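Please keep the sequence and the coordinates in view while reading.

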Amino acid sequence: MTLQVLFQKLGSSYDDILCRLVSEERIIKFLKMFLQDDSYAQLKESLQNNDIVNSFIYAHNIKGICQNLNFPLLASSSSELTEQLRKENVHNFSMNDFLKTFEKVTIDYNNTINYIKEFFGE
């Protein structure tokens with residue numbers, strides 16, 4: 001699989017990420033870093049512990065990373081969860097709402113991880 005195909009599967013534009021990161025070597029470096037990032041695991045754990053403050057932090061981390069790496073699907077679902085968990089919005093939602101949105105994040109996260117691993121031949 002090429003980087004172009006990978007970003008197409010991610011619903012993204014290879015040309016956009018290449019403009020942002022300048023070289024394929026840097027794109028590959030950041031893809032590897034994404035695979036090692038533990039924000040998703042931390043988000044899952046904090047939600048399981050009803051820890052809204054840390055859940056917000058980890059959802060926000062995922063959103064930012066995905067916006068920078070041009071992963072629009074995961075950026076969108078993590079952004080939705082981030083906004084639900086934001087201090088001024090949190091009283092408008094229930095834990096069921098958070099978990100339902102987290103399900104979307106999980107699907108998008110797993111797809112993203114699987115596509116990246118497929119790119120690396122894993």
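Predicted model: local features only at pLDDT ≥ 70, side-chain atom pairs only at ≥ 80, totals over all residues.

Directly following helix H7, Gly-121 adopts a positive phi of about 80°.

Helix H7 comprises residues 95–119. With 25 residues at 1.5 Å a residue, H7 should span 36 Å, and the distance of 35 Å between its end C-alpha atoms agrees with this expectation. Its buried residues are Phe-98, Thr-101, Phe-102, Val-105, Thr-106, Asp-108, Tyr-109, Thr-112, Ile-113, Ile-116 and Phe-119. These buried positions of H7 pack against helix H1 (3–9), helix H3 (24–36), H4, H5 and helix H6 (72–85).

Two of those partners, H4 and H5, also meet each other. Two packed helices are described by the angle between their axes and the distance between the axes. For H4 (residues 39–48) and H5 (residues 52–69), the axes come within 8 Å and cross at roughly 155°. An angle over 145° counts as roughly antiparallel, and H4 and H5 are therefore roughly antiparallel to each other. The crossing of H4 past H5 is left-handed. On the H4 side, the contact is formed by Ser-39, Tyr-40, Gln-42, Leu-43, Ser-46 and Leu-47, while H5 contributes Asn-54, Ser-55, Tyr-58, Ala-59, Asn-61, Ile-62 and Ile-65. Sorted by class, this contact of H4 with H5 holds 7 nonpolar and 6 polar residues, with no charged residues.

The loop between H5 and H6 contains Asn-70. Is this residue buried or exposed? Its relative accessibility is 16%; since buried means under 20%, Asn-70 counts as buried. Apart from residues up to four places away in sequence, Asn-70 touches Phe-7, Ser-12, Ser-13, Asp-16, Ile-17 and Arg-20. One of these, Phe-7, falls in the range of helix H1 (3–9). Asn-70 can also be placed relative to Phe-120: the two are 50 residues apart in sequence, and their C-alpha atoms lie 18 Å apart in space.

Because its relative accessibility is 0%, Thr-82 counts as buried. Which residues does Thr-82 contact, leaving aside its neighbours within four places in sequence? They are Phe-56, Ala-59, His-60 and Lys-63.

Technical notes. Residues numbered from 1 in each chain as written. Heavy atoms only, no water. Axes fitted to C-alpha atoms, helices over the stretch in contact; angles between N-to-C directions. Helix = DSSP H or I, 4+ residues; strand = E, 2+ residues; numbered from the N terminus. Parallel < 35°, antiparallel > 145°, perpendicular 65-115°, else oblique. Left-handed = near helix turned anticlockwise from the far one by under 90°. Contact = heavy atoms within 4.5 Å. Nonpolar A, V, L, I, M, F, W, Y, C, P; charged D, E, K, R; others polar. Expected span 1.5 Å × (residues − 1). Buried < 20%, exposed > 50% of the residue type's maximum accessible area, 1.4 Å probe, protein only.
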